[in-house]
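Visitor: Hi! Could you walk me through this one while I look at it?
Guide: Happy to; here it is.

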Amino acid sequence: MSLNTVIGCESCKTSIGRKGCFLHSGNWISISKEDIKSAPNSTTPIKPTDTPRKEWEEKTEDINMTPTTPLPEEKKKIILDLCGGTGAWSRPYKEAGYDVRLVTIPEHDVRKYEPPDNVYGILAAPPCTDFSVSGAQYWKVKDKDGRTIDSMGIVMACLMIIAKAQPKFWVMENPVGRLVHWIGKPKLTFNPCDYGDPYTKKTYLWGIFNELKQIPVKPIRVSSQGSWVQRLGGKSAKTKELRSITPVGFANAFFKANQ
Ligand SMILES: C[S@@+](CC[C@H](N)C(=O)[O-])C[C@H]1O[C@@H](n2cnc3c(N)ncnc32)[C@H](O)[C@@H]1O
């Protein structure tokens with residue numbers, strides 16, 4: 001490896017860890033420092049460690065994600081994944097044979113979406129860019145130029161769908177921020193490391209759902225603020241998407257508790 005290359009994740013070009021970043025396991029390659037676009041302020045590889053991942057794998061061994069009997073088409077429970085992006089949150093439901101409807105742009109806009117009959121559960125993850133505390137310095141400008149209200153429109157559209165569909169359970173997610181001013185206190189606050197993914201990103205959950213079983217692991221510090229999420233800077237759509245992907249451990253824990 002030359003002086004200008006480091007070991008990094010083939011998929012997202014971050015240089016944190018050894019076996020694959022926490023989102024894309026197993027795809028580490030030697031990449032040039034210029035290529036690490038998503039972590040522009042920090043190109044030094046962090047001392048590799050895979051202990052927390054191992055710890056998680058051991059702790060989650062007992063979780064059986066396979067359905068015992070496949071359901072016939074007409075009996076499949078409908079799950080709406082509103083503003084679902086990559087579909088990472090609803091993936092355990094999909095893999096277990098539920099009828100998952102990914103309602104996300106560009107294919108579907110929640111502001112124009114009519115829910116079907118017999119919705120069983122709703123997961124909602126409206127964009128947090130205009131609410132999250134990490135962007136607090138822009139709130140005033142966004143209030144003035146209309147972005148706050150536009151984003152609130154998406155939150156309201158999700159709540160309208162929930163009210164129309166009246167599912168057995170529903171949940172709305174957003175990172176710590178000012179949404180509490182308008183939709184009240186969350187039911188639960190968590191970090192991904194509470195459910196096995198070794199990083200922090202304080203996140204709120206509102207809704208009506210069953211308690212999740214925690215699988216706590218130690219978060220790995222990879223930046224002065226803590227997790228790789230803060231280190232993954234940049235305004236590109238790609239890095240924004242990476243920052244907002246639902247952590248696998250949380251998605252599995254949520255599925256286990258709400259079926
Ligand atoms: C916070 S991210 C959700 C990420 C998701 N949990 C995942 O694991 O990929 C919000 C998503 O909502 C989508 N989105 C933004 N505006 C939308 C709209 N009006 N209707 C539906 N989806 C929208 C964005 O494209 C983005 O993928």
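Visitor: Which residues of helix α4 are buried?
Guide: In α4, the buried residues are Val 155, Ala 157, Cys 158, Ile 161 and Ile 162. They span an arc of only 145° around the axis, so they sit on the same side of α4. Buried means that 20 or more other C-beta atoms lie within 10 Å of a residue's own; with 12 or fewer it is exposed, and in between partly exposed, the C-beta atoms being placed from the backbone. The arc is taken over the directions from the helix axis to the C-beta atoms.

Visitor: Before I go on, what kind of model is this?
Guide: This is a predicted model, where local features need pLDDT of at least 70, side-chain atom pairs count only at pLDDT 80 or more, and totals for chains, interfaces and linings use all residues. Residues are numbered from 1 along each chain as its sequence is written.

Visitor: Thanks. Back to α4: what covers its buried residues?
Guide: The cover includes β3, β5, β6 (169-175) and α5 (180-183). Helices (H or I, at least four residues) and strands (E, at least two) are DSSP runs, numbered from the N terminus.

Visitor: And which exposed residues are on the face turned away?
Guide: That face of α4 carries Ile 149, Ala 163 and Lys 164, which are exposed.

Visitor: How far does α4 reach?
Guide: With its 19 residues (147-165), α4 reaches 27 Å from first C-alpha to last, close to the 27 Å expected at 1.5 Å a residue. The expected span is 1.5 Å times one less than the number of residues.

Visitor: Let's switch to β3. Why is it largely enclosed?
Guide: Because four of the five residues of β3 (residues 78-82) are buried, the rest of the structure largely encloses this strand.

Visitor: Which strands does β3 pair with?
Guide: β3 pairs with β4 (residues 99-103) in the parallel sense over five bridges, and five bridges also join β3 to β5 (residues 119-124), again running parallel. Pairing requires at least two DSSP bridges between the strands. Ile 79 stands opposite Val 100 in β4, while Leu 80 has Ile 122 in β5 as its bridge partner.

Visitor: What about the ligand: which residues come nearest?
Guide: Of the 20 residues around the ligand (C-beta atom, placed from the backbone, within 6 Å), Cys 83, Gly 85, Thr 86, Ala 88 and Ser 244 come nearest.

Visitor: Last one: how many helices and strands does the chain have?
Guide: The chain has eight helices and eight strands, and 35% of its 259 residues count as buried.

Notes. Two residues are in contact if their C-beta atoms, placed from the backbone, lie within 7 Å.
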